[in-house]
Amino acid sequence: MRAYELIAKLSSIVTPKVYALTSDLIPLMPISTLLPAEAGEGILVGYDELGRPIYLDFEKLPNAHGVITGTTGSGKSTLARSLALSVYEEGVRVLFVDPHGEHCQFVEKFGGISLDLRARVLDITQPPGISPSQWSLELSKAAKHVLSLTESQRAILQDALLEAIEQGTLERALRYLEARRHDPLLEELYVKVRTLLKPFMRPCLNLEELLNNELVSLVLGGGALGLTYEHSVFLTWAVLAELEYFMRSKGVRSSLELVVVIDEAHRLFVLGPENVLVRAFQETRKFGYGFWALNQLPSQIPLEVYQLVGFLIFLPGPKEYVDELASLALLSEDDRDFLLFGIRGTGIVVRQGDPRPRRLRLAIREEAIIR
Ligand SMILES: Nc1ncnc2c1ncn2[C@@H]1O[C@H](COP(=O)(O)OP(=O)(O)OP(=O)(O)O)[C@@H](O)[C@H]1O
Ligand SMILES: [Mg+2]
């Protein structure tokens, strides 16, 4: 045996065997489950179980899109107002798509305006920053989903809308279809489209005027013009598409400039994964806008949305609601219990790039609460 082998053997006898280094045990210690406190950047969303602030940092998130889920009365609209106020104070424009006008009071309190599209008709033939052919395609897709049209009916409607947009009057589209009514399929199309377009014939407002304001609530359901559910969904689609094209037409930008809060987003989600909202979510941050969708039922939201958005916030709800969320494999048992037994003003936030859902006491701003 060589000398160094002898020394190694002797030392293994006299030196106790090391089974684990202290540092190896760190993952087993409770302290290791604590994440470091966050740098205070972005907007405050709430406090974790240790009372540490948790932020939504739109500079760091891959996009500024978000989804807030919760059963009726859980506080979605209130939370959205609270977060919106924080980005507004940072110089971001905020627009609420507000089917029932419940954000008007808040918007007006902060010097913004409410635009009631039931009284002031939005011009859907003059979208800024988009060609007539793109826009006729867009509107025909919206009509297809809202009116359950076949693909061939949609294509004919697209041609009719193209003429209307080029000539600056929606009546042209109806005349185009009327001239083809002898075909029974087109007769059905004509009747459906006439009902859909009727309230938009005498426009008095365009999107650019609307965006001259920093804080807007866009009310668009029911009311004097007799907008039906279909009208309201069609209009929401058109407004979101206009906004999307408008922001794109301004070119690539690095910071967040516009947040659109879409209340009752199920009206679009139920139209399936091809709708304007899902498409907007697919867009990265580069055009400076974020769409925040508020929705009651998690199962109505196309699965890919959960993977696309920069942040998700789940508010508490009953068992069926929590089961739906858990079936999307996003939540642990503890998370489930937190939502099931959670009180108003609590919720779970999941941010893209951070795999751990955070259980929070939400930082709801007093100004956002409407009693
Ligand atoms: N954190 C809170 N503190 C105090 N009151 C709150 C809080 N969050 C919500 N509320 C109150 O609870 C009620 C319901 O809230 P909100 O309208 O935001 O719920 P929602 O989820 O949007 O409901 P819906 O699905 O019916 O639109 C409101 O009266 C609101 O003022
Ligand atoms: Mg609400």
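View 1. The shell holds 15 residues, and G75, K76, S77, T78 and G345 come nearest; a residue belongs here if its C-beta atom, placed from the backbone, lies within 6 Å of the molecule. This is a predicted model, in which local features need pLDDT of at least 70 and side-chain atom pairs count only at pLDDT 80 or more, while totals for chains, interfaces and linings use all residues. Residues are numbered from 1 along each chain as its sequence is written, with chains lettered from A and ligands numbered from 1 in the order in which they are written.

**View 2. Helices α4 and α9 pack together.** Helix α4 spans residues 132–147 and helix α9 residues 229–249; their axes, lines fitted to C-alpha atoms over the stretch in contact, lie 10 Å apart at an angle of about 150 degrees. That makes α4 roughly antiparallel to α9 (angles over 145 degrees, on a range from 0 to 180 between N-to-C directions). Both are DSSP runs of H or I with at least four residues, numbered from the N terminus.

**View 3. A closer look at the contact of α4 with α9.** From α4 come E138, L139, A142, A143, V146 and L147, which meet E230, V233, F234, W237, A238 and A241 of α9; contact here puts C-beta atoms, placed from the backbone, within 7 Å. By class, that makes 10 nonpolar, no polar and two charged residues.

Terms used:
Helices (H or I, at least four residues) and strands (E, at least two) are DSSP runs, numbered from the N terminus. Angles under 35 degrees count as roughly parallel, over 145 as roughly antiparallel, 65 to 115 as roughly perpendicular and the rest as oblique. Two residues are in contact if their C-beta atoms, placed from the backbone, lie within 7 Å. Ala, Val, Leu, Ile, Met, Phe, Trp, Tyr, Cys and Pro count as nonpolar, Asp, Glu, Lys and Arg as charged, and the others, Gly among them, as polar.
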